[in-house]
Amino acid sequence: MSDPTSPAANGHRATKTPKISFEFFPPKTEEMERNLWDTINRLAPLTPNFVSVTYGAGGSTRERTHATITRILKETELLPAAHLTCVGASCGEIDDIVDRYHDVGVRHIVALRGDPPGGIGTPYFTHPDGYQSSAGLVAGIKKRHPDIEVSVSAYPEKHPEAADFDADIDTLQAKVDAGATRAITQVFFDNDLYFRYRDRVCARGIAIPIVPGIMPMHNFKQARNFVTRAGTTVPDWFAAKFDGLDNDAETRKLVAATVAAGQVQKLFKHGVDTFHFYTMNRADLVFAISHLLGIRPNAAQKAA
Ligand code: FAD
């Protein structure tokens with residue numbers, strides 16, 4: 001008898017194992033560094049398509065992002081993707097960063113405009129000599145190094161600064177025209193928002209994959225503030241699942257994994273076969289969710 005909880009049950013169209021990627025942030029301290037590497041070692045055998053490392057607001061982690069990416073390249077078989085934003089740097093400075101990545105062997109960049117230098121909610125100002133938009137950055141990278149694959153962002157609820165969905169998708173179109181070949185979405189909790197957005201993008205003739213960004217909310221209260229500021233709606237039914245768990249980290253963890261696993265299994269059941277996990281540098285939840293998707297460690301794929 002087939003497993004009724006498996007994503008392949010109930011007439012699911014995709015029978016193959018889904019593809020995954022993981023996002024990490026660059027560590028600030030030695031302890032955080034050890035923790036990140038424990039996480040990478042645990043997740044590497046799941047053979048993700050790629051792992052990405054974020055770039056701090058305003059370029060604040062420029063060196064740390066570079067160091068993390070370089071170590072991943074040196075010590076693992078993983079394919080790293082470096083996030084890069086336009087904020088706080090001239091085109092020349094950004095081009096140097098891109099060249100340095102290319103020199104050490106990086107062939108994938110996640111190109112972003114970045115948040116306003118004054119923080120989310122304040123007006124966005126470009127650097128006078130900088131890239132003026134994310135599409136400009138994509139074009140700049142592709143012009144210097146056509147062999148670098150470029151991924152970009154996408155917003156199922158539209159970006160908070162976009163006037164409407166049409167304007168939002170105009171920006172996605174400009175990034176694709178400039179050479180981007182994959183979009184990774186902002187975190188969302190209501191799958192219908194993702195499907196509606198994907199329909200809108202398809203209706204505009206944009207054919208690149210729109211990979212859902214999935215965030216298991218192990219620290220719900222903290223993560224809720226963070227995602228809400230970035231424009232993600234936290235539905236009441238979703239928040240209710242964490243009611244009364246503020247001081248119960250263990251149960252919260254189980255609930256977070258269960259909820260995120262449910263979300264990805266439903267997406268998978270509807271034909272979505274690629275997922276990007278915002279790991280928050282933790283392995284446990286993402287490992288369990290990947291397991292439920294049918295992904296098993298490959299013993300040959302070892303990290304450091
Ligand atoms: P774009 O794709 O260029 O624009 C997004 C939307 O905003 C579009 O609809 C566009 O029309 C609208 N818009 C842009 N500029 C304006 C304007 N001036 N006026 C009106 N509307 C405007 N941030 C980091 O700092 N570091 C990271 O590593 C990082 N990684 C991310 C990874 C992913 C997958 C995602 C989804 C986001 C990430 N961010 C990161 C956050 C991102 O930098 C912010 O959301 C930022 O505000 C927009 O950058 P973008 O490239 O998504 O913008």
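Helices (H or I, at least four residues) and strands (E, at least two) are DSSP runs, numbered from the N terminus. The structure is a predicted model, in which local features need pLDDT of at least 70 and side-chain atom pairs count only at pLDDT 80 or more, whereas totals for chains, interfaces and linings use all residues. Residues are numbered from 1 along each chain as its sequence is written, and side-chain values use heavy atoms, with hydrogens and water left out.

The ligand has 22 residues around it, and Ser134, Ser153, Tyr155, Asp168 and Lys175 come nearest; a residue is near a molecule if one of its heavy atoms lies within 4 Å of it. Helix H5 (165-177) and strand E3 (80-85) are the elements that give two or more residues to this shell. The most is given by H5, with four residues. By class, the shell consists of eight nonpolar, nine polar and five charged residues. In this scheme Ala, Val, Leu, Ile, Met, Phe, Trp, Tyr, Cys and Pro count as nonpolar, Asp, Glu, Lys and Arg as charged, and the others, Gly among them, as polar.

A polar backbone atom of Tyr55 is 2.6 Å from a nitrogen atom of the ligand, and one of Gly114 is 3.3 Å from an oxygen atom of the ligand. In Asp115, a polar side-chain atom lies 2.6 Å from a ligand oxygen atom. Of the 970 Å² of accessible area that the ligand has on its own, the protein covers 82%, as computed by the Shrake-Rupley method with a 1.4 Å probe.

Helix H5 also packs against H6, at an angle of about 65 degrees and with the axes 11 Å apart. Axes are lines fitted to C-alpha atoms over the stretch in contact, and angles run from 0 to 180 degrees between N-to-C directions. Phe165, Asp168, Ile169 and Leu172 in H5 meet Tyr197, Arg200 and Val201 in H6, where contact means heavy atoms within 4.5 Å. These residues divide into five nonpolar, no polar and two charged.

How values were computed: Polar contact = N/O pair within 3.5 Å; in protein donor to acceptor, adjacent residues only side chain to side chain.
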